[in-house]
Amino acid sequence: MAGTDAFVEADNAEAIITRIEHKSRKIESLLKQSKPVEALKTALEGSPPNTRDERCKSANWIVVHRALMAIKDVDGMFSSLDPEYYDILMKYLYRGLSTGDRPTCDQCLRIHEKLTERAGLGCILRSLADTVNTV
């Protein structure tokens, strides 16, 4: 029976990877149209992937990272980013900080500061306390 469960999870992972690839193409298109906030919203939709498969989580992080790094006007981003995205965005900011990559960390810290001003400390606590929906 355990083999069947693993197969279902692997099957699910392939479907998730396909959705992430589609999302990635849409994000690239939005970035080419100079719509980085729309790209970020698209990247955050359906996140985190409903799986424990690290390939899916890594593939989705790559998509979110691409959109995050394209944001130039952080204040402008928050004027059009709905609060429903705040908690998941905070999770991805912590994932970005964990990379140790200087440009990624700098961008994540810039966004983290503004996000904390907008969403408050509760956003930080929710993202750290939620160990089920990991990114």
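1. Helices are DSSP runs of H or I with at least four residues, and strands are runs of E with at least two, numbered from the N terminus.

2. This is a predicted model, in which local features need pLDDT of at least 70 and side-chain atom pairs count only at pLDDT 80 or more, while totals for chains, interfaces and linings use all residues. Residues are numbered from 1 along each chain as its sequence is written, and side-chain values use heavy atoms, with hydrogens and water left out.

3. At the crossing, Lys-57, Ser-58, Asn-60, Trp-61, Val-64 and Leu-68 of H3 meet Leu-89, Tyr-92, Leu-93, Arg-95 and Gly-96 of H5; contact means heavy atoms within 4.5 Å.

4. Leu-89, in helix H5, is buried with a relative accessible area of 0%. Buried stands for under 20% relative accessible area, exposed for over 50%, and partly exposed for values in between (1.4 Å probe, protein chains only). Leaving aside neighbours within four places in sequence, Leu-89 is in contact with Leu-40, Leu-44, Leu-68, Met-77, Phe-78, Leu-81, Ile-111 and Leu-115.

5. Helix H6 covers residues 102-119, which is 18 residues. From first C-alpha to last, H6 reaches 25 Å, close to the 26 Å expected at 1.5 Å a residue; the expected span is 1.5 Å times one less than the number of residues.

6. Thr-104, Cys-105, Gln-107, Cys-108, Ile-111, His-112, Leu-115 and Thr-116 are buried in H6. Seen down the helix axis, the buried residues of H6 fall within an arc of 160°, so they line one face; the arc is that of the directions from the helix axis to the C-beta atoms. On the other side of H6, Arg-102 and Glu-117 are exposed. The buried residues pack against helix H3 (54-70), helix H4 (74-80), helix H5 (86-98) and helix H7 (121-129).

7. His-112 belongs to H6 and is buried, at a relative accessible area of 15%. Not counting residues up to four places away in sequence, His-112 touches Met-90, Leu-93, Tyr-94 and Ile-124. Just after H6, Gly-120 takes a positive phi of about 80°.

8. The structure holds zero disulfides, a disulfide being a pair of cysteine sulfur atoms within 2.5 Å. Cys-105 is in none, and the nearest cysteine sulfur, that of Cys-108, is 6.6 Å away. Cys-105 is buried with a relative accessible area of 13%, and Cys-108 is buried with a relative accessible area of 1%.

9. Two loops deserve a look. Ser-34, in the loop between helix H1 (2-32) and H2, has a phi near 55°, a positive value in a residue other than glycine. Ser-34 is exposed, with a relative accessible area of 62%. The C-alpha atoms of Ser-34 and Leu-89 are separated by 20 Å, with the two residues 55 apart along the chain. Pro-48 is found in the loop between helix H2 (36-44) and H3, and the peptide bond from Ser-47 to Pro-48 is cis, with omega near -5°.
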